[in-house]
Amino acid sequence: MIKRIVTILLVVFSVTLTSCVSNAVGLKSHVDTGDGYQFLYPNGWLPIAVSNGPDVVFRDLIQQTENVSVVISPVTGNKTLADLGTPSEVGYKLSKSAIAPPDSGREAELVNAGSRESRSKNYYILEYAVKLPNQQRHNLASVAVSRGKLFTLNISTTEERWPKVKEAFEKVVKSFSVY
């Protein structure tokens, strides 16, 4: 009798826990309260120390060419994201200045540009096809302005892995928020 009660309680408990799991299974949270941003990133990715570059970088332990990073840049004046341009305009500027700057040996094509609003903040969601000398890559970015700074989250993989990771990467980009 006690075994049945314990078994029933365990089943109820496991069903309750399963229903509490979010749809972001397989993702961990990174919160930077000092700089004022947060995002989800895939399980199995580790932080990588980088000097003179992004604020933070995580890289896949197995697929080491897959990574997510956040870059913080100053914005002159009191400009909003809309003041910097439309999603397509900002996406084009970002491709020329950060993703495939001159003399980098890379080419970036803006594949898609859109926007979203979350908690009274505007975000541009940008998608790129990037050609390197020996590889084709796929990048997603989320861009926002907060407290006089431009925040850019970028997540990248090889073009051949893109179909396998697309859904998770889109969750990462949509999870990015600044405050």
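How many helices and strands are there in the protein chain? The model is predicted, and its protein chain holds four helices and 10 strands. Read from the N terminus, the elements follow the order α-β-β-β-β-β-α-α-β-β-β-β-α-β. The chain has 179 residues, of which 36% are buried.

In soluble globular proteins, nonpolar side chains tend to be buried together. Here the largest nonpolar core comprises 22 residues, and the members touching the most others are Tyr37, Phe39, Val68, Leu153, Ile155 and Phe176. At least two core residues come from each of β2, β4, β5, β8, β9 and α4. The greatest contribution is that of α4, with five residues.

**Helix α4**

| Feature of α4 | Value |
|---|---|
| Extent | residues 162-175, 14 residues |
| First to last C-alpha | 19 Å |
| Bend at Ala168 | about 35° |

Buried positions in α4 are Trp162, Val165, Phe169, Val172, Val173 and Ser175. An α-helix has 3.6 residues a turn, so residues three or four places apart point the same way.

**Surface**

Leu46, Ile48, Val50, Leu61 and Ile62 form a nonpolar surface patch of about 450 Å². One of these residues, Val50, is located in the loop that runs between β3 (45-47) and β4 (56-60). Val50 counts as partly exposed because its relative accessible area is 39%, a value between the cut-offs of 20% and 50%.

Technical notes
Residues are numbered from 1 along each chain as its sequence is written. This is a predicted model: local features need pLDDT of at least 70, side-chain atom pairs count only at pLDDT 80 or more; totals for chains, interfaces and linings use all residues. Side-chain values use heavy atoms; hydrogens and water are left out. Patches are made of residues with over 30% relative accessible area and no salt bridge: like charges are joined within 9 Å, nonpolar side chains (Val, Leu, Ile, Met, Phe, Trp, Tyr) within 5 Å. Accessible areas come from the Shrake-Rupley method with a 1.4 Å probe; for residues, only the protein chains shown count as cover. A salt bridge is a side-chain nitrogen of Lys or Arg within 4 Å of a carboxyl oxygen of Asp or Glu. Buried means under 20% relative accessible area, exposed over 50%, partly exposed in between (1.4 Å probe, protein chains only). The expected span of a helix is 1.5 Å times one less than its number of residues. The bend at a residue is the angle between axes fitted to the seven residues ending there and the seven starting there. A nonpolar core is a set of buried Ala, Val, Leu, Ile, Met, Phe, Trp, Tyr and Cys residues joined through side-chain atoms within 4.5 Å.
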